[in-house]
Each structure stands twice: as C-alpha cells, then as structure tokens.
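Visitor: I have a structure open and want to learn how to read it. Can we go feature by feature?

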Amino acid sequence: GLIPFKHVLIHPVIQTIDGKRMSKSKGNAIDPIVMIDKYGADANRFWFASVGVKGDQDVRFREERLEEYKKFTNKLWNAGKFVLDKLQGYKPEPIDITKTSLADRWILHRYTVLLSGLQEQLSNYDFTEASDALYEFIWDFFCDWYLEIAKLDLAVEKPASQTRNILFYIFEGLTRALHPIMPFITEEMWQKLPRHMHLEEMDSIMFTPYPRPDDRLMDEASDKRMELMVRVVRSIRNIRQTFNVDRKAQAEVLIICSDAGERATLEECRDYIKSTASVGSLMIQEAGTKPPMSASSVVSSATIFLPLGQLIDIQKTSAKLMEQRQAVVKEIDKLMQTLGNPDFKKRAPADKVALQENALKEADSRLKTLDDQVVLLGG
C-alpha cells in the first residue's frame, strides 16, 4: 500500500553510429571497459551525463565525443596544475570585493550564474544542461579567459590583488560542483588544494557540501563590460586568422570608439587586449582615420583597424586568395548547374534540394568574403 517511487526516469536508447539498437547477439555493442581504458572513466561519465535522461530517446554513440571529453579532462587537469602552482603556501581567506579588477568581478559573476543554474538543472534531472554549463564555464570562461588574465595579473604582483583568493574560491568550488559527474579527477585535485577551515576534517570530497551561489557576487554591469573586451579580442584574432598573420607577430591595432563608456572599458582592459590578442601597439581614440591597407571589424561603437602591410607578404597572400576564389567560383558553377537542371528539382528529395541551395548560399558568402579581402590587399 506504499508508493514505491516518486520519480521515474527513463534513459535514452543508445544506438550505433548508423542508428541501430546495440545488441550483444548482433555483436555491435560497445564494451565500456574498452572505452574507459582508451579515454578514462571520467570522460565516459561526462559523456553519459551529456546524453541526459530526458528528451530524445534515440541517441547515437559517437566515439569522437569521448575524445572531446578526454581533452576536456586534460584541460581541467592542466588548469588545476596552474592553480596549485600559484597557491603554494596559500591559506584561504575571504575575497575583498572592493579590491577586485573588472576581470575578477566578471568571473565571479559568471561562476555565480553557473551555480545558480546547476541547482535548478540537477533538481530537475536536466543532466545535459548541467554538463553543458560546466563544460562551457570551465573551458571558455575560466580556462581560456580568466586564467590567461590571471597569469598577467600575477606576473605584475599587485599588492592588493585578489587573484589568488579568486583562483582558490572558484577552482575549489568547481571540483565539488563537477564531482558527481567526474569523481576521480576532482577527488585527486581537491586533495591537493588548500582547505577551507570548515572542511579541514573531511577525508574526501564526497563528504563536502555542494557549492551554493553567493548572490552578492552577481555583477551584470561588469559582465557586460567584460563581454565588450572579449568581443574585441575575438575580432582581432579573427582578422589575424583570416589573413594568416603569424601567431607570434605583434600587431599594431587602432580602435576608434565613439562611446565614452565603452572607450573607458577598453582603456581599463588595455593590457588584457594586448596580451590575449598578441598586440604590440594599441591606440584607442574617440575619432580618427583608417590606416592604409587595414583590415577592420566593428564591435558595438568600436571600429577595430589592423594594418597588414608589416604583418604579411601581400603578394603571396593575394595569390592564395585568388586560388581560393577560383575554387569557390568552380563550386558555385557546379551547384548552379545542378539546381538549374529541371529534372533535379523534379526528382530529387526536397531535403537534398534544400541542401544544395544552402551550399550555394554558403559558397556565395565565401566568394563575397574573398572578394573583399582581395580588394583590401589592392587586387
């Protein structure tokens, strides 16, 4: 007469790469021990969590996802090595928010948003959303941005810097937040970290409380300002990648920004921009003229100019662009012939016709981009 279960969750059917149900009798089942030996238990567990238990009941097994999560595990381990190195002799102490930088307040805000979301996601059994949120925060916000900025701040050794306090606060919390999904690597790293006073007696991370958000660290204004810097850096990186500028080459960058508030933000982030975008000389002005032979990009009220004359071989780059252009023109001609054939549109499935039409649109877009680049270089 008692209710045996209050919640019943049905996990998805895991299929082979070609959409067939896995079966021992068919010989197409995946041995998890083999996958664990190859990619590690934590990478496998993270993949299981990313699949989730709600939603689509047909999930195809793709081994490349395990490779991706193995890289994520390595990323986390390397981040832990960096943090541990910077926390040698460190004793945990509260963060003084009055002495934090813009980057500090931004990462604290993003971390608080993460924890708030995890509480709701795990309570609702939304394991896919929880694992995605952890992956994005750790790989992108924390490792790719904050750790790079922290290296710069720690090198300067500002006396009032809160960088070490923040590195400990966030990374120690991340090991506890990630532990239910990836228990082995998080236990290993947590054991090496300094301990909070109230966690000193605990032998394992398993006995620690799950981290909770501190709403006092929410800072939408800092998040918005830092997002401007991130977009500017990405724009500079995109220009460099587009024109194959050597990664080590120190570029000269001019930013013309009409908005006083955004200009002040970029000035505050000057050192971060120079370090993360490999910029040697950075000028930030309210007004100005475009330097000769400069690639440009617009971010909010800021226009970014990167002169290319001293960074690339103009003739070789132009020749490569023309070769790429000829290949795209041939691709467009072929697609137009196919789509111009009445029999193709009449007999081919609608999804195949749509695929060809989308391919033509993408090719047209690539051609326009190449033409713009050729013109920029004087072609």
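Visitor: Is R366 buried, partly exposed or exposed?

Guide: First, the ground rules. This is a predicted model, where local features need pLDDT of at least 70, side-chain atom pairs count only at pLDDT 80 or more, and totals for chains, interfaces and linings use all residues. Residues are numbered from 1 along each chain as its sequence is written, and side-chain values use heavy atoms, with hydrogens and water left out. Now the terms: buried means under 20% relative accessible area, exposed means over 50%, and partly exposed is in between (1.4 Å probe, protein chains only). R366 has a relative accessible area of 36%, so it is partly exposed.

Visitor: Which side chain meets R366 in a salt bridge?

Guide: A salt bridge is a side-chain nitrogen of Lys or Arg within 4 Å of a carboxyl oxygen of Asp or Glu. Here the partner is E331, at 2.5 Å from N to O. E331 lies in helix 11 (residues 314-340) and R366 in helix 13 (residues 350-376), so the bridge ties together parts 35 residues apart in sequence. Helices are DSSP runs of H or I, at least four residues, numbered from the N terminus. E331 is partly exposed too, at 29%.

Visitor: How many salt bridges are there by this rule?

Guide: The count is 18. One of them joins R234 and D140, with the closest N and O atoms 3.4 Å apart. That pair links distant parts of the chain: R234 is in helix 8 (residues 220-242), D140 in helix 5, 94 residues apart. Another joins K192 and E188, at 3.7 Å. Both lie in helix 7 (residues 183-192), 4 residues apart, about one turn of the helix.

Visitor: How many disulfides does a search of the whole structure find?

Guide: A disulfide is a covalent bond between the sulfur atoms of two cysteines. The test is a pair of cysteine sulfur atoms within 2.5 Å. The search finds 0. For C143, the nearest cysteine sulfur is that of C269, 20 Å away. For C257, the nearest is also that of C269, 12 Å away. C257 is buried, at 0% relative accessible area.

Visitor: Which residues does S131 touch, leaving out those up to four places away in sequence?

Guide: Contact means heavy atoms within 4.5 Å. S131 touches F46, A49, S50 and I181. S131 sits in helix 5 (residues 127-156). With a relative accessible area of 0%, S131 is buried.

Methods
Helices (H or I, at least four residues) and strands (E, at least two) are DSSP runs, numbered from the N terminus.
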